[in-house]
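Q: I have this one open in the viewer. Can we go through it piece by piece?

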Amino acid sequence: MKRLFKGGRVVDPANGLDGAFDVLVDGGVIVRVGRDLPTSLADGGEVVALSPALVVCPGFIDMHVHLREPGQEHKETVATGAASAVAGGFTAVACMPNTRPVNDNAGVTDLILRKAADAGLARVYPIGAVSRGQQGEQLADIAELKHAGCVAISDDGHPVSTALLARRAMEYAGMFGMPLIEHCEDPSLKGEGVAHDGPVAASLGLKGIPGIAEAITAGRDILIAEMVGGHVHVAHMSAWTTLEAVRQGKSRGVQVTCEVAPHHFTLTDERLAAPVPYDTDTKMNPPLREAKDRDAMLRGIADGSVDVIATDHAPHHADEKNVEFDRAPFGIVGLETAIPIALDTLVHAGVIRLPRLVELMSVNPARILRVPGGSLTAGAAADITILAPDLAVTIDRSTLVSKSKNTPYHGWSFRGGVAATLVGGRVVYRNAAAALTLTTEVQ
């Protein structure tokens, strides 16, 4: 069915567009973007009248999520994760392989893709394991994973165990144009740490994880990527020392990219102590770090050193989190909170402009993973995120679509949210709170 979106602001950095444009969609693809397109182009379809306050963007892509299926369906499933994604404004997600069993073979990859197709919501791009069973010993069959539909490799949850394995993985993945997504962490420095190694952890009696545990592994992999011509992507970067390693690699022409999660550019380890001490919804890996690290992430986002904002959506059942801090699993949900946080703390705060946010959450993830999207070019799939930058949003864990509710942002209010999400031209999510500014007329 044809849909003509009229009246909104279009932000499409890949095509240099930022202004009042109309967008015509037909048969699941973008047909035309232009000024003052006649309604007759809808030709019996729909004309969607948008408020000028709404922003039409190429679909946002979260390149780092944990959908938990197979094996941990009590936390999340592919279907509930995809529903959470579209409610959060994401048209596509890339899911990590640390499922049970691990996604280290075509059978698991195929199951994930079939579950995603059955859900019919966000596109789901599986990420395959670097090593068999994520044991850090033998390489997985990366060719098999690629041919089954994986877009990258990672042992996320663990670093690639040795420099030699990282080298072989980059060489193998490089044959298929796939990045190695690295969970940068030196296990000997992490030890049994559960929080950032600093005064807050010491005051709470918690074992610490220093920032250099991340930077050391990032530095190792950047050097390996430089040697073999591979592509390493630093996942959930949190430490200023890691950012410096990334900048140095980029300056030498190394294929290194990186991502930052919203919690690492908004929160610090002070949240572990107050307002609720030992709140397990503030426990994630990498941990919340000091203000200098958070501020470095903001500078990296502003100056272009950071390539992507990704959520590291990590759902856990309430019972698993309702234990002592040391025993609780790492991670928080993020698919439904990322856009309000980014609009409020980055765009409205003046850290970046809206086109840069679209680069971070749409253009660059598509480029790094080599998947469709990132632009509103004619002929491209009609995956569209419609933002409501001035919408008042208050995070309420009880209303989250995700199967899990572990968020440190419960009760927080932000300026900015999602009005609607389209995948293949279908409206798969519409925000009732934005309904007054999004109306449809049947021609």
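**Contacts, sheet and salt bridges**

Q: Which residues does Val-401 touch, leaving out those up to four places away in sequence?
A: Val-401 touches Ala-83, Ser-84, Ala-87 and Glu-336. Bear in mind that this is a predicted model.

Q: Where does Val-401 sit in the chain?
A: Val-401 is in the loop between strand S19 (384-394) and strand S20 (413-423).

Q: Is Val-401 buried, exposed or partly exposed?
A: Val-401 has a relative accessible area of 39%. That makes Val-401 partly exposed, because the class covers values between 20% and 50%.

Q: And how far is Val-401 from Gly-174?
A: The C-alpha atoms of Val-401 and Gly-174 are 37 Å apart in space, and the two residues are 227 apart in sequence.

Q: Switching to the sheet. What is the strand order with S8, S9 and S10, and is the pairing parallel or antiparallel?
A: The order is S8-S9-S10 in an open sheet of 3 strands, and the pairing is parallel. Strand S8 (60-65) and strand S10 (123-126) are at the edges; each has a single partner strand, so one side of each has no neighbour in the sheet. From one strand to the next, the twist averages 20°.

Q: How many bridges pair S8 with S9?
A: S8 and strand S9 (residues 90-95) are paired over 4 bridges, in the parallel sense. In one of these strands, S9, Ala-92 is the bridge partner of Ile-61.

Q: Which helix lies across S9 and S10?
A: Helix H2 (residues 106-119) does, and H2 runs at about 175° to S10.

Q: Moving on to charges. How many salt bridges does the structure hold?
A: The structure holds 24 salt bridges. Among them is the pair Arg-3 and Glu-46, with the closest N and O atoms 2.8 Å apart. The pair links distant parts of the chain, 43 residues apart: Arg-3 is in strand S1 (residues 3-6) and Glu-46 in strand S6 (residues 46-50).

Q: Are Arg-3 and Glu-46 buried or exposed?
A: Arg-3 counts as buried at 14% relative accessibility, and Glu-46 counts as buried at 17%. Both calls follow because the cut-off for buried is under 20%.

Q: Back to S10. Which residue meets Arg-123 in a salt bridge?
A: Asp-383 meets Arg-123 at 2.6 Å, N to O. Arg-123 is in strand S10, while Asp-383 is in the loop between helix H13 (354-369) and S19, 260 residues apart. Arg-123 is partly exposed, with a relative accessible area of 30%, whereas Asp-383 counts as buried at 9%.

Q: What about Arg-367 and Asp-307, what is their N to O distance?
A: Their side chains meet in a salt bridge at 3.9 Å. Arg-367 is in helix H13 and Asp-307 is in the loop between helix H10 (291-303) and strand S18 (308-309), 60 residues apart. Arg-367 is partly exposed at 47% relative accessible area, and Asp-307 is buried at 8%.

Q: Which residues are linked in a network of salt bridges?
A: Arg-9, Asp-18 and Arg-353 are linked in such a network.

Q: Last topic, the surface. Which residues make the nonpolar patch of about 230 Å²?
A: Leu-189, Ile-212 and Ile-216 make that patch. Ile-216 is in helix H7 (residues 212-228) and is partly exposed, with a relative accessible area of 42%.

Methods:
Residues numbered from 1 in each chain as written. Predicted model: local features only at pLDDT ≥ 70, side-chain atom pairs only at ≥ 80, totals over all residues. Heavy atoms only, no water. Pairing = 2+ DSSP bridges. Helix = DSSP H or I, 4+ residues; strand = E, 2+ residues; numbered from the N terminus. Axes fitted to C-alpha atoms, helices over the stretch in contact; angles between N-to-C directions. Contact = heavy atoms within 4.5 Å. Buried < 20%, exposed > 50% of the residue type's maximum accessible area, 1.4 Å probe, protein only. Patch = residues over 30% accessible without salt bridge, like charges linked within 9 Å, V, L, I, M, F, W, Y side chains within 5 Å. Areas by Shrake-Rupley, 256 points an atom, 1.4 Å probe, with all protein chains shown as cover. Salt bridge = Lys/Arg side-chain N within 4 Å of Asp/Glu carboxyl O.
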